[in-house]
Amino acid sequence: MRTLDGRYRLEQRIGIGGMSEVWRAYDTVLDRSVAVKLVSPGQPDGTASVERIRSEARSAARLVHPNVASVHDFGTCDTGLGHELPYIVMELAEGQTLAAHLRTGPLDWRIAVRVCAEVSAALAAAHAHGIVHRDIKPANVMLTPSGVKVLDFGIATPAGAADTAPDGVVVGTPAYLAPEQLHRAPATPAADIYALGVLLHYSLAGRLPYPVDSVSQLLGRESRRTPRPLPELPGLPAEVADLCRRCLADDPTRRPSSLVAALLLAEAVDARVYVPMHEPLMPRQRPPAVSPWTERAAAEVTEAAVGAQWSRHGG
């Protein structure tokens, strides 16, 4: 075992990516389990990686929301090789990713809509703070006993910021990239909404709106094909299918906001989500009995019912 800063005892590696690892750890000061995101050794950017991770921590720490994994701390540790590795200490979200659940097929539409309502609420909070996530996908959505947690703001950026990636590099996951992202347009909340549309379609249909495996495959098309329609799902409100279609609009100005998406999806399953009213709603967009600050109410669907549905789909 290894202890960071004399406080965080690393116990088990629970995730690994191209540039970082996530560990289950124990906070010996506050006597609790946490998640620690640690930059993988051998990264070539050195000081730049410290600043990148610090920026990620600051962005995520600004978001206090029940559907966002909280950031507790940031620090660096000595590698013994003359440089330091940065790390972020985060809330440990216990559960399984949406990606794991979708491996066995689509979710029951009520669960899929509820999950995406909570993802939308998390995005509404981020967008209210001027933050664009840029990597909404099933692997970054954790289903926990207390609800959804949106993870990994590692490539988040301020809304309107120019794309600074090197030429030939597109930031994000190919299948979830909005068309404008392929042309290096500045990041906007509309890009997250496009990814939300892909996520909703995948959760309902068990497949992507169109097959794509690589950025080059996307760039090789003169234009995107029209997304495949959702299958017939008994009981699925027409408003949900329409919202999914609008989220996938090529024109970012035609996509709904994260706030509108959260409220419409929550209304479709008679649930409530915790969203900041950072923009006015037209009367026809405002669900009945929604106050400026509504708390997420899991009582609408009992824990047992939700657990049974999630378990049936791979939990």
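Colleague: Which residues touch the most other members of the largest nonpolar core?

Modeller: In this predicted model, the largest nonpolar core holds 77 residues, and those touching the most other members are Val36, Val119 and Leu204. Helix α3, residues 109–128, gives this core its largest share, namely 13 residues.

Colleague: What does Leu204 touch, if residues up to four places away in sequence are not counted?

Modeller: With those set aside, Leu204 touches Pro106, Trp109, Ala112 and Val113, and also Leu230, Leu233, Leu236 and Val240. For the protein as a whole, among contacts with a separation of 6 or more, 58% join residues 24 or more positions apart.

Colleague: How should I read a helix such as α4, and is it enclosed or open?

Modeller: The general idea is that an α-helix has 3.6 residues a turn, so residues three or four places apart point the same way. In α4, 15 of the 17 residues are buried, and therefore the helix is largely enclosed by the rest of the structure, whereas in the protein overall buried residues make up 47% of the 315.

Colleague: How many helices and strands does the protein have?

Modeller: The protein has 8 helices and 11 strands, and it exposes about 15,000 Å², of which carbon and sulfur atoms supply 53%.

Conventions. Residues numbered from 1 in each chain as written. Predicted model: local features only at pLDDT ≥ 70, side-chain atom pairs only at ≥ 80, totals over all residues. Heavy atoms only, no water. Buried < 20%, exposed > 50% of the residue type's maximum accessible area, 1.4 Å probe, protein only. Helix = DSSP H or I, 4+ residues; strand = E, 2+ residues; numbered from the N terminus. Contact = heavy atoms within 4.5 Å. Areas by Shrake-Rupley, 256 points an atom, 1.4 Å probe, with all protein chains shown as cover. Core = buried A, V, L, I, M, F, W, Y, C linked by side-chain atoms within 4.5 Å.
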